[in-house]
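Please brief me on this protein chain, with the metal site, the backbone features and the domain contact treated in turn. Give the cut-offs along with the terms.

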Amino acid sequence: MRIATRRGRSVLISPDTTFLIDIAEASHGRFGPGARSVYEAWSDFVEWARHASIDFAEGGTPLNLTELDPPSPEPRQTFAIGLNYRDHADESGLDYPSSPPTFTKFAGSFAGPIGELALPAATVDWEAELVVVIGRRAERVTAAWAWSYVAGLTAGQDFSERGLQLAGPAPQFSLGKSYPGFAPQGPWLVTPDEFADPEDLPIECRVNGEVMQRSSTKQLIFSVPDLVEHLSAVLPLLPGDVIFTGTPAGVGGTRKPPRFLKEGDVVETTIGGIGDLRQVCIDGPGKGEQQVTP
Ligand code: ZN
């Protein structure tokens, strides 16, 4: 099953991904209209969706990817994990972590799957990432049970302004990765049962068609179940919470010479079995001009 958010309302995506249908309307108000309430009732919702007879061609709307928001647009908590692929830790010259290095991407950085990315500086980097959405309150959950707490998976980009991220005496991961548009996600959430193996998904990032990152989520140091175990040992994970799971090798900042995004670049992110994100880079405020205060 695939669900998405369109203009603030939760929608079901047809199996052939050509139509969508409003969940609140299709369920006669039982679920939705917003994503939060769907995740709050996730088990009941999945049960209903499995048995509901939905005629997408009759009652649905043709899918337009540019209208979509992130599958969980207003999570109460967003976690992001650093150094979670062996090859990326190697290129960064850092030891493999013994527990997942964790920061956040603030909600003001969230964006849908297709759009523009305003560059605030000349050192903005790409990071293709698998993103997890939680479907059930998870508190001290062991890895063996973790998948039953996951609503589904989506694709994400952890765009990163390396200048701000690495300036100063202590790194500013959360702030440097939270400019507007720095957390595009989508195009939809795919439930774990849709994958032959949800822990082995191809992941790729292309800039202007050139492959920059190509790996598999089986290369994660901390798998999705490991992350649920580690994070839920510290605090409860809540329905709709979002986890950016880390990026594989091939980011721009560790290339020799370093390479960063510039105006006109097209960044495409693909996760097998989920879909694609596409951002076109434009010059943002602060880059080459003063921001005007009204
Ligand atoms: Zn990242």
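The briefing below begins with the basis of the values and then goes topic by topic.

This is a predicted model, in which local features need pLDDT of at least 70 and side-chain atom pairs count only at pLDDT 80 or more, while totals for chains, interfaces and linings use all residues. Residues are numbered from 1 along each chain as its sequence is written, and side-chain values use heavy atoms, with hydrogens and water left out.

**Zinc site**

- The zinc ion has Glu127 (OE), Glu129 (OE) and Asp158 (OD) as its protein donors, at 1.9 to 2.1 Å.
- Donors here are N, O and S atoms within 2.8 Å of the metal (3.2 Å for Na, K and Ca); water is not among the atoms, so sites may look incomplete.
- Along the sequence, the spacing of the donor residues is E-x1-E-x28-D.
- Glutamate 127 and glutamate 129 are both buried, where buried means under 20% relative accessible area, exposed means over 50%, and partly exposed lies in between (1.4 Å probe, protein chains only).

- Glutamate 127 sits in the loop between strand 10 (124-125) and strand 11; helices (H or I, at least four residues) and strands (E, at least two) are DSSP runs, numbered from the N terminus.
- The relative accessible area of glutamate 127 is 5%.
- The side chain of glutamate 127 makes a polar contact of 2.8 Å with that of arginine 162.
- A polar contact is a pair of N or O atoms within 3.5 Å; within protein, one must be able to donate a hydrogen and the other to accept it, and residues adjacent in sequence count only if both atoms are side-chain atoms.
- Leaving aside residues up to four places away in sequence, the residues that glutamate 127 touches include Asp158, Arg162, Lys177 and Gln213, a contact being heavy atoms within 4.5 Å.

**Cis peptide bonds**

- Glycine 32 and proline 33 are joined by a cis peptide bond with omega of about 5°, and proline 33 lies in the loop between helix 1 (23-26) and helix 2 (35-40).
- Glycine 186 and proline 187 are also joined by a cis peptide bond, with omega of about -5°; proline 187 belongs to strand 14 (residues 183-190).

**Positive phi outside glycine**

- Histidine 28 has a positive phi, near 55°, and is located in the loop between helix 1 and helix 2. Histidine 28 is exposed, at 77% relative accessible area.
- Arginine 140 has a positive phi of about 50° and lies in the loop between strand 11 (128-134) and strand 12 (150-157). Arginine 140 is exposed, at 64% relative accessibility.

**Domains and their contact**

- The domain assignment gives domain 1 (2-63) and domain 2 (78-283); such bounds come from an automatic or database domain assignment.
- The domain centres, taken over C-alpha atoms, are 26 Å apart, and the contact takes 11 residues from domain 1 and 15 residues from domain 2.
- Between them the domains bury about 1,000 Å², 60% of it on carbon and sulfur atoms; buried area is the accessible area (1.4 Å probe) that two parts lose on being put together, summed over both.
- In domain 1, Arg2, Tyr39 and Trp42 lose the most area to domain 2, together 59% of what that side buries.
- There are 2 salt bridges between domain 1 and domain 2, a salt bridge being a side-chain nitrogen of Lys or Arg within 4 Å of a carboxyl oxygen of Asp or Glu.
- Aspartate 193 and arginine 50 form a salt bridge through their side chains (3.3 Å, N to O).
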